Amino acid sequence: MVNIAIACQGGGSHTAFTAGVLKRILKENEKKYDIIALSGTSGGAICALLTWYGLLTEDSDKAIKLLDSFWRDISANTFGDMLLNEWIVETSYIQDKILVPQISPYDFLPFYQEYLKSLVEKQVDFKKINEFENPEPELIIGAVDVLSGNFSVFKNSMVSSDVIMASAAIPTFFRAVPVDTYLFSWDEIPGNDSVRLIDFLKKNYNIDWLKTAKIEKIDDNKTIRASVEGNYLSLSLNNEKNKANLKIDDVRTDEFIAKKEDDGTLNIIKKSQYWDGLFSQNPPLRDLVDGVNVKPDEIWVIQVNPEKIPKLPESVGAIRDRRNELAGNLSLYQELYFIEKVNEWIEKGLLKKGKYKHINVRFIKMLRELDVGTKLDRNPKFIQDMMIYGEEQAGEFIKQLPSEPVKKEEFGNVVYK
């Protein structure tokens, strides 16, 4: 049995291709491979979520039904919606010919954003997700914090409908989505959550000296203090114990929410505004290597954004679209570089056997030449055609896989030759 992780790129209506790929993989799986994790961004996040939820709650058939149901619902099925869809698509083309005023998503009510959220919640019972403590497979969703610029990854029970909307929040169409992120339990510092606190502060504030810092509670347990060799920081509760203020070297730098849970524990939460994961990890790959319980033997990337295009983009829309494609693929290739370097270090014996393993990365690519307007097109025929094309591409991909994996014993892993 080969352990695989599937990473799903986003790309508006083009992501129906991703749904088709996933459907074919689920249909063809005859216990030759085990899906141990899924990751996704934007529309790819929705597809990954539906597949993951279906596999957790029932089986492959349930996942396929969820994918079909969502893409059927989001298609422009009514006469009024079809007219609206045609207007949106045509407007995207008109922008290439005449000057059209740009409208901020904050200038109108977030109707479509709320509608999209309702369609996701129709398919997934997010309360049920909390019942899966150690889910198999695992789910990883990417988004970017608008204010801090930090890339954020949401795993398993952390994933809510707001997280999915955050990952799909294209800035030109959708408002940034506020998401409450659990940081640590105040009661577990110092203690079980000390590592979570240190990791958060290192990642968000670039504090290297925390590795050897002493972490303690002072001021009658109202302040957490970390210090070493003249460096120090403190996190203090206010009198109402509903906020925590962070000071680094006596300079206040941030404020967090302190939330008392029903069981009496006090948790520290960060409220952030998120945009589309396109600007962070499209899709998350690195976390499939060192952020999951079971290491994959292979990662299959469903790539929607083309690497190459046949001609130079010259219109405003085509230039904007190509810029977004390059930005999305840039993050993908950076993550691929990390995996390639790990494989190289393993080959040279520079990494210990066990913690890391050689991982093959394979691509299932959307190769059709589609113009910018089709990313917004919810015409049922177009959506269905993209799903069928995804199934076809996945079928060709599966045919090319060797019937039996070849073990490479010196690295303790499985690779295909």
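Predicted model: local features only at pLDDT ≥ 70, side-chain atom pairs only at ≥ 80, totals over all residues.
Residues are numbered from 1 along each chain as its sequence is written, and side-chain values use heavy atoms, with hydrogens and water left out.

**Exercise 1.** Determine how helix H1 (residues 16-28) and helix H3 (residues 60-74) are oriented, and which residues make the contact.

*Solution.* Begin with the geometry: the two helices pack at an angle of about 160°, with their axes 9 Å apart. Here axes are lines fitted to C-alpha atoms over the stretch in contact, and angles run from 0 to 180 degrees between N-to-C directions. Angles over 145 degrees count as roughly antiparallel and those under 35 as roughly parallel, and H1 and H3 are therefore roughly antiparallel to each other. Next, list the contact, meaning heavy atoms within 4.5 Å: Ala16, Ala19, Leu22, Lys23, Leu26 and Lys27 in H1 meet Ser60, Ala63, Ile64, Leu67, Asp68 and Trp71 in H3. Sorted by class, these residues comprise eight nonpolar, one polar and three charged, where Ala, Val, Leu, Ile, Met, Phe, Trp, Tyr, Cys and Pro count as nonpolar, Asp, Glu, Lys and Arg as charged, and the others, Gly among them, as polar.

**Exercise 2.** Carry out the analysis for helix H2 (residues 43-57) and helix H5 (residues 111-123).

*Solution.* The axes of H2 and H5 come within 10 Å and cross at roughly 15°, and the two helices are therefore roughly parallel to each other. On the H2 side the contact residues are Ile46, Leu49, Leu50 and Tyr53, and they meet Leu116, Val120 and Gln123 in H5. The contact of H2 with H5 divides into six nonpolar, one polar and no charged residues.

**Exercise 3.** Locate the largest cavity and describe its lining.

*Solution.* A cavity is a set of points on a 1 Å grid over the protein atoms alone where a 1.4 Å probe fits but cannot get out, and lining residues have an atom within 4 Å of a point. The structure holds one cavity of 30 Å³ or more, and about 40 Å³ of space lies in the largest cavity. Its lining is formed by Leu197, Leu201, Ile224, Leu233, Leu235, Leu246 and Phe256. Helix H8 (194-205) and strand E8 (231-237) are the elements that give two or more residues to this lining. By class, the lining has seven nonpolar, no polar and no charged residues.

Methods
Helix = DSSP H or I, 4+ residues; strand = E, 2+ residues; numbered from the N terminus. Parallel < 35°, antiparallel > 145°, perpendicular 65-115°, else oblique. 1 Å grid on protein atoms, 1.4 Å probe; cavity = no way out; pocket = protein on both sides within 12 Å on 5 of 7 lines; lining within 4 Å. Points joined across faces, edges and corners; volume = space filled by probe spheres on them.
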